[in-house]
Amino acid sequence: MTYGVIGSGAIGGYYGGRLQKAGFEVHFLFRSDYDYVKEHGLQVDSCNGSFHLDNVNAYCDTADMPQCDVVFVCLKTVNNDKLCKLLPPLLHEGTIVVLIQNGIGVEADVQSNFPDVQLCAGLAFICSAKTEPGRVNHQCYGSINLADYSCRDKESVQAVATEMRLAGIEAGIVEYNEARWKKAVWNMPFNGLTVALHAQTDQLLANPATRRLVKEMMMEVVGAAQHLGVKNIDETFVEKMIAMTDEMTPYSPSMRLDYDFHRRMEIDYLYTRPIAMAREAGFAMPKLEMLEAELRFLEAPLAH
């Protein structure tokens, strides 16, 4: 299959780079570092083995890209309004669009703009950053789960997972709602707290007070998910996420990097939407509501 990557940053650069290295045809949309990558290629510094791609199919406009069988959307959700222009040139009747994005409710909103497009959620468990042109720094983990949202062709979803495994990426198929809310168990506490407290993940867990706060916030996400009928999510999963983070390389999540680089933060899908959904189901998330308010306060100067 041929692959397109919209948003060739820390996530898209890594997964797309792995696929190209394995011999698959990949087309990348770059923004600020397009000229650099065209001249110098793409470097992936990875805990799983670093590599350099000399010849990258790099573009600065999707109008110049071919139609693809699979499109990875790795934009931040604050830029999803651009998809109405970016996506159509890449689509044919059977294209699967994988939204490798954070938050709850993303697929529903994209589907409303593209009612006939086959959508799949991509839940990436990876510590990766891109802080200079043409260079991805993959620190640890790297697996991805694919969750079918509206795909008519179920076999193609399986084929995407298979080809990602052939590229050295641990890839699985999971149920959509369970996958999105399980990802939120980690994302909602750590993304916001690293911004509000100007800390990395290891610092939050090393302090007894913030370690307790992280768990309490995670349990709010679990409670919301259970009220919404999500299966296989409980305190055992929370303990697993905390243990996994204890073993993780000290890490600044994407929201912290966005804040540090004076970019808009993904508050809507990471906080506002799931908090509202939980409230409608009769479940309050007071600690995460407070964190959302703090993030809105911190983001206010970035909007001007």
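**Ground rule first.** I call a residue buried when its relative accessible area is under 20%, exposed when that value is over 50%, and partly exposed in between. With 12% relative accessible area, Glu299 therefore goes down as buried. I also remind myself that I'm looking at a predicted model.

**Entry: the whole protein.** I started with the overall build. I found twelve helices and ten strands. The radius of gyration came out at 19 Å, close to the 19 Å the globule rule gives for 304 residues, so I'm noting the protein as being as compact as a globular protein of that length. Along the principal axes, the C-alpha atoms fill a box of roughly 50 × 40 × 40 Å.

Entry: I looked up burial next, and 55% of the 304 residues count as buried. For the accessible surface I have about 13,200 Å², with 50% of it belonging to carbon and sulfur atoms. I then checked contacts with a separation of 6 or more, and 71% of these come from residues 24 or more positions apart.

**Entry: charges.** I have 27 positive and 39 negative side chains in my notes, and the centres of the two sets lie 3 Å apart. Side chains of opposite charge can pair when their charged atoms come close. Here I got 18 salt bridges for the structure.

**Entry: Asp246 and Arg211.** I picked out this salt bridge, where the closest N and O atoms are 2.8 Å apart. What does the pair link? I see it linking distant parts of the chain, since Asp246 sits in helix α9 (residues 235-247) and Arg211 in helix α8 (residues 208-227), 35 residues apart. I checked cover on both partners: Asp246 is partly exposed at 42% relative accessible area, and Arg211 is partly exposed too, at 30%.

**Entry: Arg296 and its partners.** I moved on to helix α12 (residues 286-299), where Glu292 and Arg296 are four residues apart, about one helical turn. They form a salt bridge, and I noted 4.0 Å between the closest N and O atoms. I then found Arg296 meeting the side chain of Glu299 in a salt bridge, with 4.0 Å from N to O. Glu299 and Arg296 are three residues apart in helix α12, and I put that spacing down as about one helical turn. Which residues end up in one network here? I got Asp268, Glu292, Arg296 and Glu299, joined by salt bridges that share partners.

Arg296, at 33%, I have as partly exposed.

**Entry: Ile233.** Last, I looked at a loop residue. I located Ile233 in the loop between α8 and α9. Is Ile233 buried or exposed? I have it as buried, at 3% relative accessibility. What does Ile233 touch, leaving out residues up to four places away in sequence? My list reads Trp181, Lys182, Val185, Val222, Ala225 and Gln226. I also took the C-alpha separation to Met219, which is 14 residues away along the chain, and got 9.8 Å.

Notes: Residues are numbered from 1 along each chain as its sequence is written. This is a predicted model: local features need pLDDT of at least 70, side-chain atom pairs count only at pLDDT 80 or more; totals for chains, interfaces and linings use all residues. Side-chain values use heavy atoms; hydrogens and water are left out. Helices (H or I, at least four residues) and strands (E, at least two) are DSSP runs, numbered from the N terminus. Buried means under 20% relative accessible area, exposed over 50%, partly exposed in between (1.4 Å probe, protein chains only). The radius of gyration is taken over C-alpha atoms; the globule rule is 2.2 Å times the number of residues to the power 0.38. Contact means heavy atoms within 4.5 Å. Accessible areas come from the Shrake-Rupley method with a 1.4 Å probe; for residues, only the protein chains shown count as cover. Lys and Arg count as positive and Asp and Glu as negative; His and the chain ends are not counted. The place of a charge is taken as NZ of Lys, CZ of Arg, CG of Asp or CD of Glu.
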